[in-house]
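Thanks for coming. Please have a look at the sequence and the structure first.

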Amino acid sequence: MKFSILQQDILPVLSSVSRSTGIRSTLPVLGNMLLSAEGKKLKAAATNLEIGVIKYISAEVLEEGDITIPAKTLLEVIQSLGSVKLDFETQGEVLNLVSGKFKASINGIGANEFPVIPLPDGEGVMFKKEVFKSCSQILFASASDEGRPVLTGILTQASRGKMDFVATDGFRLAHKEVKIDNLSEFKCLIPRKTFEEILRVAEEDAGEGADIEIYTISSQNQIIFKIGQAVISSRLIEGSFPSWEKIIPSEFKARAVVERGDLVSASKLASVFARSEANVVTLNAQKDKFIITSAAKELGSQTNEVEAQIEGEEFSIAYNAKFLLDVLSAVNTGQIIMEFSGPLSPTLVKPVGIEGLEYILMPVRVS
């Protein structure tokens with residue numbers, strides 16, 4: 001293999017692809033990045049066996065071929081070279097790099113040992129990038145604990161002209177609905193880490209078209225995304241996702257419209273006094289305000305008031321301060337709507353001015 005390319009062209013590609021390398025102790029080649037020169041393009045790829053990323057870039061290919069190189073080493077070397085022309089050439093399982101007076105030989109592993117990353121085949125489903133970018137506001141609600149794998153994924157479901165994206169960890173739930181016409185029905189559970197990588201690549205390839213193509217391979221339990229000059233493949237999570245529709249309340253006893261920023265500030269202050277007492281803050285709803293209280297035996301207590309437009313019954317409800325703040329911080333609208341069904345029933349939270357986005361917050365039982 002022999003090719004030339006500018007440092008400023010290859011560096012963003014290598015930086016992006018290297019995020020998906022695996023742990024070398026598991027399988028040495030997983031710590032490597034595949035470089036493959038073919039035609040007028042260079043392919044860079046990496047995988048940790050759960051997610052695989054491929055990116056293509058134009059290069060001056062003098063001789064086709066491929067090799068895998070330690071990703072961290074290659075990236076550090078190229079980062080340090082500055083904006084110069086780079087000449088690459090392989091000799092067996094060694095990659096020689098020349099740039100001006102600089103020369104390096106990096107030991108690699110044959111490309112035949114690199115795991116196969118699935119590629120798109122057949123017809124995919126096309127989405128606007130904005131559809132996935134809007135889902136960044138729900139990812140926080142998925143679980144980080146691998147004890148219940150299904151809760152670490154994002155339910156992605158297409159039916160009746162809409163797409164539903166749902167995340168939950170059992171304590172809060174986030175749901176984003178997007179209207180899409182002429183969409184085939186499908187349902188899958190995409191790992192959160194995959195979703196985060198899709199969002200990063202979509203941002204990096206902002207100029208590479210406005211669509212994302214999705215392909216599913218049911219026989220391999222895989223999903224493949226094509227974003228501009230990038231291909232991302234991922235294993236899907238197996239298992240049954242909770243019946244999330246049943247959790248969303250259809251009736252409420254009280255409804256509040258409140259300035260999000262004011263409630264965020266008050267909740268942060270309340271959390272200072274709640275940390276040593278199970279992190280519980282209490283909202284007391286009155287006609288035109290929330291009274292927010294929290295207390296700790298060792299620290300003391302605090303009370304704060306936030307103006308709100310409240311309709312319906314007066315009540316008191318308690319939340320885990322972190323979960324409340326996570327929901328309030330997920331959106332950047334000026335106002336939010338909170339709908340209450342009772343002190344021990346789920347609270348529905350919706351940002352004013354954003355269609356199809358809603359959150360469920362489970363209250364805390366206090367003695």
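Phe 195 has a relative accessible area of 0%, so this residue is buried. Keep in mind that this is a predicted model.

What does Phe 195 pair with? A search of the whole structure gives nine aromatic pairs. In one of them, the ring centres of Phe 132 and Phe 195 are 5.3 Å apart and the planes stand at 35°, so this pair is tilted. Phe 132 sits in helix α3 and Phe 195 in helix α4, residues 192-204, so the pair ties together parts that are 63 residues apart in sequence. Phe 132 counts as buried because its relative accessibility is 1%. There is also a cluster here: ring pairs link Phe 132, Phe 165, Phe 195 and Phe 225.

On to another pair. The rings of Phe 290 and Phe 340 have centres 6.2 Å apart and planes at 75°, so they are edge-to-face. Phe 290 is in strand β20, residues 289-296, and Phe 340 is in strand β23, residues 335-340; this pair links distant parts of the chain, 50 residues apart. Are these two buried or exposed? Phe 290 is buried, at a relative accessible area of 0%, and Phe 340 is buried too, at 2%.

Last, a residue in a loop. Gln 137 lies between α3 (129-133) and β11 (153-159). With 16% relative accessibility, Gln 137 counts as buried, because the cut-off for buried is under 20%. Leaving out residues up to four places away in sequence, Gln 137 touches Ala 330, Val 331, Ile 354, Leu 357 and Tyr 359.

How values were computed: Residues are numbered from 1 along each chain as its sequence is written. This is a predicted model: local features need pLDDT of at least 70, side-chain atom pairs count only at pLDDT 80 or more; totals for chains, interfaces and linings use all residues. Side-chain values use heavy atoms; hydrogens and water are left out. Helices (H or I, at least four residues) and strands (E, at least two) are DSSP runs, numbered from the N terminus. Buried means under 20% relative accessible area, exposed over 50%, partly exposed in between (1.4 Å probe, protein chains only). Contact means heavy atoms within 4.5 Å. Rings of Phe, Tyr and Trp (its six-membered ring) pair if their centres lie within 6.5 Å; planes under 30 degrees apart count as stacked, over 60 as edge-to-face and the rest as tilted.
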